[in-house]
Amino acid sequence: MTDSIKILYEKYFLRRRKAWGLVLLFGVYFALRLYRLGYHDLWYDEVGTLLYTRLPWINKNAPAYWFFLHFWTKLFGLSEFSLRFPSLIFSFLAVIFTYLLGAKIFARKVGIIASLLIGLSPFHLWYAQEARDYSMVLFFGTASSYFLFRAIKERHLVPWLLFLAASVGGFYTNYFYIFLFAAHFLLVIGVKRSQIKFWEVLCFLAVVACFTPYLPKFFDKFQAVSEGFWVASPTWRSLAITLEN
């Protein structure tokens, strides 16, 4: 009888307590991102966001965020709160996928620690309240990493398709996603080696093929940046200023 009570205690009470603890923790992450979301006026980059939201087709950056915000503001308006709320959501989802990734690869405690590091990160909190595409690409980056790990371990088609969708979303959100995508490909080659299957390679090729129609815009942006950009050439002083900030 005692053993049965102990089993029931561990199975139901402890699991529910852990689940509620996790809900409370993620509630804190959400609340921190929501706090004074619309308090500050739009700053310089966010004013540019406002322009591209109204006319997303004139933007040379990756288009997903700008078109998403274009239709979002049609429904919810152009206030500071409305413009920044999608960044909050994508930031919060990125924290969730960071937890899932850590828990899936290692253990639940690792997932919690990983979520704490990103959920309370000052940089992450800052960009969670900024009307720019950074939180959105981080969401796609963490989601694609999670789905890729599942695809490698579970060997099912569905995680590969989810990885494909998240990767395409990442490419169309920010061009710098290409570096994570390359790391994903090298990871699969390193883990699979001679066991890599044709359709797994085909999945990566499909991501590239999906982005191919937008390559002319990408090269336009690349050329514009290479010919002259507002960011000064980096120096050691630049690193010191970044750390100081």
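**First stop: S145**

Select S145, which is placed in helix α7 (residues 134–154); helices here are DSSP runs of H or I with at least four residues, strands are runs of E with at least two, and both are numbered from the N terminus. The model is a predicted one, in which local features need pLDDT of at least 70, side-chain atom pairs count only at pLDDT 80 or more, and totals for chains, interfaces and linings use all residues. Residues are numbered from 1 along each chain as its sequence is written, and side-chain values use heavy atoms, with hydrogens and water left out.

Is S145 buried or exposed? With a relative accessible area of 18%, S145 is buried. The term buried means under 20% relative accessible area, exposed means over 50%, and partly exposed lies in between, with a 1.4 Å probe and protein chains only. Next, display the surroundings of S145: leaving aside residues up to four places away in sequence, S145 touches L101, L180 and H184. A contact of this kind means heavy atoms within 4.5 Å.

**The whole chain**

Now select the entire chain and colour it by secondary structure. There are 12 helices and 0 strands, and the pattern along the sequence is α-α-α-α-α-α-α-α-α-α-α-α. Along the principal axes, the C-alpha atoms fill a box of roughly 75 × 50 × 45 Å. The chain has 245 residues, of which 38% count as buried. Of the contacts between residues at least 6 apart in sequence, 71% join residues at least 24 apart.

Switch to a surface display. The chain exposes about 15400 Å², and carbon and sulfur atoms supply 71% of that area; accessible areas come from the Shrake-Rupley method with a 1.4 Å probe, and for residues only the protein chains shown count as cover.

**Salt bridges**

How many salt bridges does the structure hold? There are 3 salt bridges, each being a side-chain nitrogen of Lys or Arg within 4 Å of a carboxyl oxygen of Asp or Glu.

Select E46 and R84, whose side chains meet in a salt bridge at 2.9 Å, N to O. Because E46 lies in helix α2 (residues 44–54) and R84 in helix α4 (residues 80–105), this pair ties together parts that are 38 residues apart in sequence. Both E46 and R84 are buried.

Move on to K104 and E154, where the side chains form a salt bridge at 3.4 Å, N to O. K104 belongs to helix α4 and E154 to helix α7, so the pair ties together parts that are 50 residues apart in sequence. K104 is partly exposed at 37% relative accessibility, and E154 is partly exposed at 24%.

R150 and E154 are separated by about one helical turn, because they stand 4 residues apart in helix α7. R150 is partly exposed, with a relative accessible area of 23%. Through shared partners, salt bridges join K104, R150 and E154 into one network.

**Charge and surface patches**

Colour the side chains by charge. The chain has 25 positive and 13 negative side chains, and the centres of the two sets lie 11 Å apart. Lys and Arg count as positive and Asp and Glu as negative, while His and the chain ends are not counted; the place of a charge is NZ of Lys, CZ of Arg, CG of Asp or CD of Glu.

Select R17, K18, R108 and K109, which gather in a patch of positive charge on the surface. Helices α1 (2–34) and α5 (108–119) each give two or more residues to this positive patch. R108 is found in helix α5 and is partly exposed, at 32% relative accessibility. Patches consist of residues with over 30% relative accessible area and no salt bridge, joining like charges within 9 Å and nonpolar side chains (Val, Leu, Ile, Met, Phe, Trp, Tyr) within 5 Å.

Then select L51, L55, W57, I58, F67 and F71, which make a nonpolar surface patch of about 590 Å². F67 lies in helix α3 (residues 64–76) and is partly exposed, with a relative accessible area of 31%.

**Last stop: R36**

Finally, select R36, in the loop between α1 and α2. Its phi is near 55°, a positive value in a residue other than glycine. Most residues other than glycine have a negative phi. At 40% relative accessibility, R36 counts as partly exposed.
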